[in-house]
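Have a look at the structure first, then read on.

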Amino acid sequence: MVIRILIASVGGQGGLTLARVLAEAAVLSGLSVRTGETLGMAQRYGSVVSYVQVGSRVYTPKFTPGEADYLVGLELVESIRNIHYLKPSGVALVADEYRPPYTLSVENPFNTRDQAIELIKKLESKTIIIPARRLAIELGNPRAINMVMLGSLNAVSNIFSHDKVEQAVRKVLPARVVESSIKAYIKGYEYAQAIRNSFLA
Amino acid sequence: MEYYSLHVYTLPFARLVYLLVPQVFNMVFTPMSLLAEPGTRLPLMGNEAIARGVLEAGVYIVTGYPGTPSSEVIMTLQEYSRDLDIYVEWSVNERVALEVAIGAAISGARAMSTMKAPGLNVASDPLLSAAYSGVDGGLVVYVADDPGPHTTQTEQDSRWYGELAKLPLISPSSPQEAKDYVVASVELSEALGLPVLLRTTTRVSHTVGDVLLGEIKQPRKGRGFSKNPERFVRAGMDWNLERHKWLNSRLARVEELSAKLGLNKVIGAGELCIVTEGAALNYVLETVEEYSLSARVLKLGLLHPFPRGFILDNIRGCREILVVEELDPYIEQHLKTVLYDAGLFIPIRGKTTKHLPIEGELDKSIVLNALGLKQRDQPRSPHKTPRRPPPLCPGCPHRFTFLALKRAISKKGFKLSEVPVIGDIGCYALSVYKPIDMLWTEHSMGASVSMAMGLKLAGYDKPVVAVIGDSTLYHAGLQSLIEAVNKRVDLLVIVVDNGVVAMTGHQSTPAWSTSETGRILKPISLDELVKAVNPDELRIVDSYNYDELVGVFEEFIDKPGVKVVVSRHPCALLEARLKGVKTRYTVDVELCKGCKACLVVTGCPAIVMEGGRARIIQEDCNGCGLCTRFCPYNAIKQMG
C-alpha cells in the first residue's frame, strides 16, 4: 500500500507544517514515510508544493504528475496549478482561499474566487471545496486553515486514527496553538465527513 | 558625516531576537526529540538526521555559514545547545568556518563544517591544504548540492571536489543514511587522518523520512597540539611533495576501509545493472519495485576514491548498465575508466548517451524513460496558471530602499535602463522580479561592490549602484569595499541592513550580542567597520524613512568617490514574529477605483485584486503602510 498526497499552498500558509504532521502521524502508525518539498528562494509567498508518500515501505520524497491519490490545496490558484498531479481516481480537497499571484491580479483584476472554484471543479469533478477560512476563523485562528484541511483529508481518506493525528499535532505544533489546531482538525473532519458520502456515492 | 547610532537598532534587536529565540525556532521548526533514546524511530528531515549524527559521532565543534539546503543541521543543534556540551555556532563565512574546524581537528577534536555548494567554493582554499596536513580528530565537511536548482545559483556538482581536493567523499541516499554517514565519515576520517566530504542533495537534506536512532557518544574535545612543521607548514616545497605522496598513500586505503562501513551495496539480481547513488537510488528502487523489474542495483555510498574493487566484484555478468545519477556524469565517467582498465566491454547508458538529462533534477518518470518504460497512468497536461515568483515579504524594508532608489534615479533625470544596480546574495535579490524590477546582476557572495567597480573602471559613464546586505558584507563584501575605496572609483554602495541572515531562516550575524546558543558575543559594529574603510560619504538611514532615502540617493548618486548608504530596518517578517503586528491596513471598497496602483508599484504579496477591487489579506499585512503612499484615492486605511 502506498498513499500519495500532494499539498499545494502559498508559502507561509502552513503547507510544510501539514506535511510534517502527516509524517509524524505515519511514523506513529508504524508506517514508512517520505516527504519532500518544492519551494522557491523566498521565505514566504511563493508557490509551495509538498509531497507526502506513506506506505509499508516507501523510498522517494517526490512523485510525478498523475500519481497523487489526494491533492490538498490550501489555496485555489495553487490547486489549479497542480491539479494534473492527481491520478484518474484521485480526489482534490481544496480550501476556498483565493490569493491570486501578482501577474494574475494585474492582468485579470476582475477575476473572483467563485471563478477559480468553478474552474477547478471543471478541471476535476472529484473536487471537494472546503470553506476552510470560515471554519478556522470560527475557532479564532485564521492560520489554522492547514489543520482544517488535515481534518478534511483524514475524513475522506481514513489514513490515520484520530488518536495518532492528535498525537502528531501535539508533537509538531507549538504548545500555544495545539488546542485550536486540534479543534480545527475536528471541524475540517466533520465538515468533509458530512458531505463525503453524498459526494463520493 | 552623520551617523545613526548603532544602538538604535542592531543591539537591542539582537538581544530581543536572542531572548525570544526559542519561540522563533518553534515556529520555524517542528520540535522533535533530538536527544531521544537509541532504538527510537522518528520522522526526521535529512538535516535534522545529520544533526543527530553529529551527536552519535561525538563531534565537538560544529561551524558553518547558512545556505539552503544545508542550514538546518546547525539550527537544529542550536535548539538543543543548552543540553549539549558542544560548540555549535555560525561563522562569518564558510572559509572561516572550515578553518576553525580544521584548527580543532588537528588537535584531535572531532569537528564538522556545514555549507551549501557555493560555500564549498569559498572554503576550497583551506580544504585543499587540509588534505596535505591531515587531521587527528575526525573532520567532516558537509556540503549540500541542489539539483533543480531550487535555491542555488548553479547546479554545481560538488562530487568533483573529492577529486580536486583528493579527499574521500561519501553520499547518502536517505535521512537514515544521512545520519549514519556522519558516524561513518568520522570513523573514516580518523582511520585515514584525512578530512571527509559528506555530500548530499536537496532531496536528501530536505526530505523527511523515518529514522532509527543510534547511541549518542561523548563529544571528543582537543587533546593538545605538537609542533610539526613538515606536516603543517605548506611553505616547505620538499615537505609539500612528501605530503602529496602521503596523501596518495592514504587514499589508496579508502576503499578497503569503507567496505567495512558498508557504504556500497548490491540490491537485487539480474543482467540489467543499474549503478546509482544519493537521492537517485530512491527513484530507481521505487521503479524496480513498482514495475517488478529484475535488475541488479549497485548503490554507491563512496564516490571518491571511486570504488573500483566493489564495481569489479559486482559488475560481471551484466548485459548492460544504466547509470542513474544527478548533475554531472560523474559515476558514468569513472565507471567507463574502470571497465576499460579491466578489459570489460559492457554498454553503458547514461547522460553522455542522452538516456538521462544533464540539467535539472531527476524523477521517476525520467528513470522510467531511461529504462524504455512508460508510466502506467498517463498524466493530464497541466492547466496553464500564472507564475508566482518569490516576492519581498509584506513590510520588507528592502522594498522601501528599492522604490526610493527608483524614484531618486528618475528625479535626477537618469533612465532606469541606464543605471545598473549590481546586486548581491540575499532577500534583496528578489527585487529582480516585477514590479520592483531593479536588480541587474546577482553572482556570488560579496561580488556587488567589486563587479560594480569593474564596470566603472571599464568606462561605464553613467552612475553605478551596488546593493549588499549586512551579512553578505561581513561574509565577503568588506574586501570589495576596501578595494573600491582604495582605488577611488565612483560608486553608490547601498548596504541594506536588516540585522539578520534573513533569507535562509533568520540566523545570527556578527552584529549580535548573544548567539542562538546563548553564547555572549562581542558585537562587531557594521557602521564602525564601514567607517574604518573610510568611504568618501557615509549616511545611515532608517529604511522606513522613504523620503530621506530618496533625498540621500539623489544627493549621492552622481557625486565622485565611494558613497555608502546604510539603509537599516529590522526584517519585517522576524519583527512580526517576535513582537506581533501593531497596526494593519485595509482597503475601503467604497473608495477603491481598482486602479491597481498600490499593487503595481509595491508588488506587496498581501495585496490582491479580486472582482476589480484591491484587497489586503489581513493576516499577511505587516503594517508598513508603504502602499498608502501610492493610492491616488486614499482608499487604504489604517486599522486600529
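Let's start with helix α18 (residues 397-411) of chain B and helix α22 (residues 546-556) of chain B, whose axes come within 8 Å and cross at roughly 45°. That angle makes α18(B) oblique to α22(B). As for handedness, α18(B) passes α22(B) in a right-handed crossing. Bear in mind that this is a predicted model.

Who touches whom here? On the α18(B) side you'll find F400(B), T401(B), L403(B), A404(B), L405(B), R407(B), A408(B) and K411(B), and they meet Y546(B), L549(B), V550(B), F553(B) and E554(B) of α22(B). Sorted by class, the residues in this contact of α18(B) with α22(B) come out as 9 nonpolar, 1 polar and 3 charged.

## Helices α20 and α21

Next up is the pair made by helix α20 (residues 470-486) of chain B and helix α21 (residues 526-533) of chain B, which pack at an angle of about 15° with their axes 10 Å apart. So α20(B) is roughly parallel to α21(B). The crossing of α20(B) past α21(B) is right-handed.

From α20(B), the residues D470(B), L473(B), Y474(B), L478(B), L481(B), I482(B) and V485(B) meet L526(B), L529(B), V530(B) and V533(B) of α21(B). What classes make up the contact of α20(B) with α21(B)? There are 10 nonpolar residues, no polar ones and 1 charged.

## Helices α3 and α4

Helix α3 (residues 46-56) of chain B packs with helix α4 (residues 72-79) of chain B at an angle of about 60°, and their axes are 8 Å apart. That is why α3(B) and α4(B) are oblique to each other. Here, too, the crossing is a right-handed one, with α3(B) passing α4(B).

The α3(B) part of the contact is N47(B), E48(B), I50(B), A51(B), V54(B) and L55(B), while α4(B) brings in E72(B), V73(B), T76(B) and L77(B). The contact of α3(B) with α4(B) has 6 nonpolar, 2 polar and 2 charged residues.

## A cavity worth a look

How many cavities of 30 Å³ or more does the structure hold? The count is 6. The second largest cavity has about 120 Å³ of space in it.

Its lining takes in 15 residues, and those nearest the centre of this second largest cavity are G395(B), C604(B), I607(B), C624(B) and C627(B). By class, the lining of the second largest cavity has 9 nonpolar, 5 polar and 1 charged residues.

Most residues other than glycine have a negative phi, and most peptide bonds are trans. Against that background, a few spots in chain B are worth a glance.

Where are the cis bonds? One is the peptide bond from H304(B) to P305(B), with omega near -5°. You'll find P305(B) in the loop between β12 (302-304) and α15 (308-315) of chain B. The peptide bond from K434(B) to P435(B) is cis as well, with omega near 5°, and P435(B) sits in the loop between β15 (421-422) and α19 (447-457) of chain B.

Look for K166(B) in the loop between α8 (160-165) and β6 (169-170) of chain B.

Conventions
Residues numbered from 1 in each chain as written. Chains lettered and ligands numbered in written order. Predicted model: local features only at pLDDT ≥ 70, side-chain atom pairs only at ≥ 80, totals over all residues. Heavy atoms only, no water. Axes fitted to C-alpha atoms, helices over the stretch in contact; angles between N-to-C directions. Helix = DSSP H or I, 4+ residues; strand = E, 2+ residues; numbered from the N terminus. Parallel < 35°, antiparallel > 145°, perpendicular 65-115°, else oblique. Left-handed = near helix turned anticlockwise from the far one by under 90°. Contact = heavy atoms within 4.5 Å. Nonpolar A, V, L, I, M, F, W, Y, C, P; charged D, E, K, R; others polar. 1 Å grid on protein atoms, 1.4 Å probe; cavity = no way out; pocket = protein on both sides within 12 Å on 5 of 7 lines; lining within 4 Å. Points joined across faces, edges and corners; volume = space filled by probe spheres on them.
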